[in-house]
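Dear colleague,

Please find the structure below, handed over for your reference.

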Amino acid sequence: MISIATADLLTAWERGLSQSSASRRLLMLLATAYPELTEEQLLKAPIGQRDGLALQLREVLFGSQLISVAICPFCTEQLELTLNASDIQVASNSFLQKPLQLQLEGFKLEFRLPDSQDLMHIETINSIEEAHNILMRRCLLSVSHNDQACDMSQLPETVLQKIEAAMSEADPQADVQLDLHCPACQRNWLATFDIASFLWSEINTWAQRLLNEVHLLAKAYCWRETDILAMSSMRRRMYLERLTQ
Ligand SMILES: [Zn+2]
C-alpha cells in the first residue's frame, strides 16, 4: 500500500523540475512512493512494469478515473477521454527481468525488455529509426545463426518484428493503445497512452495549486510551510474558505 506524505511528494516534484528526461522525472516520483525499491531496481524495471507502478501511484493520489484529451488526427477535433485505471492496467507477473529467448529462421536470440535506462539513452535522438535501432541493439544480448555468432545488422526485418512482438507480449503495460473514435468525422484510430507524461502533468498542476495554498495560508496566519503541508487537503481548504468569508 502506497503511503506518501504531501511534503515528500512536493520535494520529489521539485527535484523532477530540474530534469529534462521524462523517465528520470517519473523515477523520482516512484522512488518516493516506493521506498522499498532501490534506484537500481527502478532503473532496470521493464517499462511496462515501471508504468504499472506509476498507474498505481496515480490511483492512490488522484483516484481511478483519468481524464485526458486527444486530438483527432483526421479533423483535429479535440476529444475529452474519461478512462478508468482498471481499463489500462495490465496484470504483471513479476518485477524481475529475465532474459527472453527466441529461435526462428536458424537464428538463436537472447534479449531483455527495454528499461528506463534505455529510454533515457534514446530520448535526445530525433530520428525514430535510429532510436529504434539503438534500443534494439541495447536489448539484444546475443545473436547467432546456425550456432555462429552474428550481428544485429544481419537480422531480417521479419525476425526483428518477432522480437518486438515477444517484447510486447512479455511486458504489455509498456504500450497501452487506446481505441478512439471521433464523433465529428466518425473515424477510428489508435492512440498511445503515456502514463509518465500524464502523471507528471497532473502532479505539476497539483504542486502549483498546493504552493498557492501554502502562500495564502502562510501570509494570512504566519504558519510555517512544514505545518501547512502536514495538514490534510480538506483542512487547508476549510481555512482558505474562512479567509474569503
Ligand atoms: Zn475527427
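The model is predicted: local features need pLDDT of at least 70, side-chain atom pairs count only at pLDDT 80 or more, and totals for chains, interfaces and linings use all residues. Residues are numbered from 1 along each chain as its sequence is written, and side-chain values use heavy atoms, with hydrogens and water left out.

Searching the whole structure gives 5 aromatic pairs. Rings of Phe, Tyr and Trp (its six-membered ring) pair if their centres lie within 6.5 Å; planes under 30 degrees apart count as stacked, over 60 as edge-to-face and the rest as tilted.

One of the pairs joins Phe74 and Trp189: the ring centres are 6.5 Å apart and the planes stand at 80°, so the pair is edge-to-face. It links distant parts of the chain, 115 residues apart, with Phe74 in the loop between strand E1 (65-71) and strand E2 (78-84) and Trp189 in strand E8 (residues 188-193). Strands (E, at least two residues) are DSSP runs, numbered from the N terminus.

Phe74 is partly exposed, at 40% relative accessible area, whereas Trp189 is buried, at 11%. Buried means under 20% relative accessible area, exposed over 50%, and partly exposed in between (1.4 Å probe, protein chains only).

A tilted pair is formed by Phe193 and Phe198, with 5.3 Å from centre to centre and 55° between the planes. Phe193 is buried, at 10%, and Phe198 is buried, at 11%.

Tyr221, Trp223 and Tyr239 are linked into a cluster by ring pairs.

Finally, the charged end of Arg187 sits over the ring of Phe74, 4.0 Å from its centre; this requires NZ of Lys or CZ of Arg within 6 Å of the ring centre and within 35 degrees of the ring normal.

Yours sincerely

Conventions
Helices (H or I, at least four residues) and strands (E, at least two) are DSSP runs, numbered from the N terminus.
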